[in-house]
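Work through the exercises below with the sequence and the model at hand. Try each task before reading its solution.

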Amino acid sequence: MGDFASLLYGFSICLSPGNLFFCFIGVLLGTLVGVLPGIGPVGAISILLPATFHMQPIGAIIMLSGVYYGSMYGGSTTSILVRIPGEASSVVTCLDGYEMARKGRAGPALGMAAFGSFIAGTLGLIGLMFLSVPLAAFALRFGPPEYFAVVLLGLTTITYLTHGSKMKGFIMGIFGLILSSVGIDPIEGSARLSFDLLELWDGIDLVPLAMGLFGISEILLNSEEFVRPSVIKSKIKIKSLFPTLADWVQAKGAILRGSILGFFLGVLPGGGAVISSFVSYGIEKKISKEPEKFGKGAIEGLVGPESANNSATAGAFIPLFTLGIPANVVMALLFGAFVIHGLRPGPFLIQDHPDLFWGVVSSMYVGNVMLLLLNLPLIPLWVQILKVPAVVLNPIVLVVCMVGAFSLKNSVFDMLLMTIFGILGYLLRKFEFEIAPLILAFVLGPILESNLRQSLLLSQGDMSIFLTRPISAITMALVLVILLNSLFPVLKRVLRSKKPKE
């Protein structure tokens, strides 16, 4: 009953005209971001972050959250119609969604993706509502050693779960930690890695870093692409978007399984929408009585991953709200938004700022309804937006990035910094280095360092403090297992190369 009363309190906050407007703007922009291939929620939130500086914290977090889960809805549109994933988590949707469209079933595919996303998002929010409060109470038992171990586990898991080379993922994580240490040492008060530049004494801000690595680098990459996607030519009418009863019978199990799987994978550091969508597709194909249909227009192969990635977005908020630890790069940017507005996500967030927590949770319920109502009638409009050439879109994004970087401190140096990181991000992506571990390590670096140093002050320099406390000891053991598992193939290759040839 307490949770229900708190939710009603949250609705009273969310349904105020200002917050309702920001919720609508967030989900609308999120859907647009999902539709436009390449930008993604990370780039969009990076660009929008400066616009929230003068907003109320609740409205700002509601809007940025709406961009995140809204992009999961929009990403399916491009995957189904043009076989280009608007968002990384929609890659799997291309396999069966596009095949359904080619067979003249683009309407039911788009409708089923929207309804499945709505159901999964709602189920994920129920899990978020009921699990956050007890987990926050449990997190109050955490001291500096436990926080250090959990943050280290999160960093290790995220770099381990990168899609490319594990070694490249670890390199990017270490690089992010180095960047996070730029500025004044919080304990000794001496400048670190500032190269005698006064502008770096305050450290590197998240906004120019994220906008450069994601926004500017995306513009540079898009400038290389001159091929226009061929949109499905068949005309899509509103009434054709509603699935048949047979579609619902086939899809109901996949929606439920995807929702549960996505939620729990979303909670895990590094899990997120991308991994949950791939795992869901694999499970649906494995348990199907007709696995040969997958890749040829199987509706289960469409709604399972779509449900999983939408449910995962709700799950990803749990570690942010309860532990103050972002589970993925989007949550890292939201963590930055909290800090910019003078808030600290963690065990005391629900207790000290119940209006913010329940306002954001209730806004997700409202946002899910908005997304369902938006996505179905606006699909023909999104199809037209897909035809906007990059030569028009890229300069607009570039100007927004420049203004956003300058508005942070009215500093030309931040614009220069963003440009440098943009070129660096472009080169890193060309050489297949993932950016996400760098951003997460950058955000988590100060938390990792402060808790490590506090732990060593408590133990007077004795490292065994991490092994004598049960939670930190178990967590450190998991870190060791992941490290050994990821380094074993590398060591195996090295030993094999040193073995004398016969």
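**Exercise 1. Find where D247 is placed, decide whether D247 is buried or exposed, and list what D247 touches.**

Step 1. D247 is placed in helix α10; helices (H or I, at least four residues) and strands (E, at least two) are DSSP runs, numbered from the N terminus.

Step 2. The relative accessible area of D247 is 3%, so D247 is buried. Buried means under 20% relative accessible area, exposed over 50%, and partly exposed in between (1.4 Å probe, protein chains only).

Step 3. Leaving out residues up to four places away in sequence, D247 touches R105, P108, M112 and I299; a contact means heavy atoms within 4.5 Å.

Step 4. D247 and E300 are 53 residues apart along the chain, and their C-alpha atoms are separated by 9.2 Å.

A note on the source: this is a predicted model, in which local features need pLDDT of at least 70 and side-chain atom pairs count only at pLDDT 80 or more, while totals for chains, interfaces and linings use all residues. Residues are numbered from 1 along each chain as its sequence is written, and side-chain values use heavy atoms, with hydrogens and water left out.

**Exercise 2. Describe how α10 packs on α12.**

Step 1. The axes of helix α10 (residues 245-267) and α12 come within 6 Å and cross at roughly 30°. Axes are lines fitted to C-alpha atoms, for helices over the stretch in contact, and angles run from 0 to 180 degrees between N-to-C directions.

Step 2. The angle therefore makes α10 roughly parallel to α12. The cut-offs are under 35 degrees for roughly parallel, over 145 for roughly antiparallel, 65 to 115 for roughly perpendicular, and oblique for the rest.

Step 3. The crossing of α10 and α12 is right-handed. A crossing is left-handed if the near helix is turned anticlockwise from the far one by less than a right angle, and right-handed if clockwise.

Step 4. By class, the contact of α10 with α12 has 13 nonpolar, 9 polar and 2 charged residues. Ala, Val, Leu, Ile, Met, Phe, Trp, Tyr, Cys and Pro count as nonpolar, Asp, Glu, Lys and Arg as charged, and the others, Gly among them, as polar.

**Exercise 3. Do the analysis again for α5 and α12.**

Step 1. Helix α5 (residues 93-102) and helix α12 (residues 299-323) pack at about 135°, with their axes 8 Å apart. That makes α5 oblique to α12.

Step 2. This crossing, of α5 and α12, is left-handed.

Step 3. On the α5 side T93, D96, G97 and M100 take part, and they meet I299, G301, L302 and E306 in α12. The classes here are 3 nonpolar, 3 polar and 2 charged residues.

Step 4. In α5, 8 of the 10 residues are buried, among them Y98 and A101.

**Exercise 4. Count the aromatic pairs in the whole structure and describe the pair of Y281 and F294.**

Step 1. The search finds 11 aromatic pairs. Rings of Phe, Tyr and Trp (its six-membered ring) pair if their centres lie within 6.5 Å; planes under 30 degrees apart count as stacked, over 60 as edge-to-face and the rest as tilted.

Step 2. Y281 and F294 are 5.6 Å apart centre to centre, with 80° between the planes, an edge-to-face pair.

Step 3. Y281 lies in helix α11 (residues 272-287) and F294 in the loop between α11 and α12, so the pair ties together parts 13 residues apart in sequence.

Step 4. Y281 and F294 are both buried.
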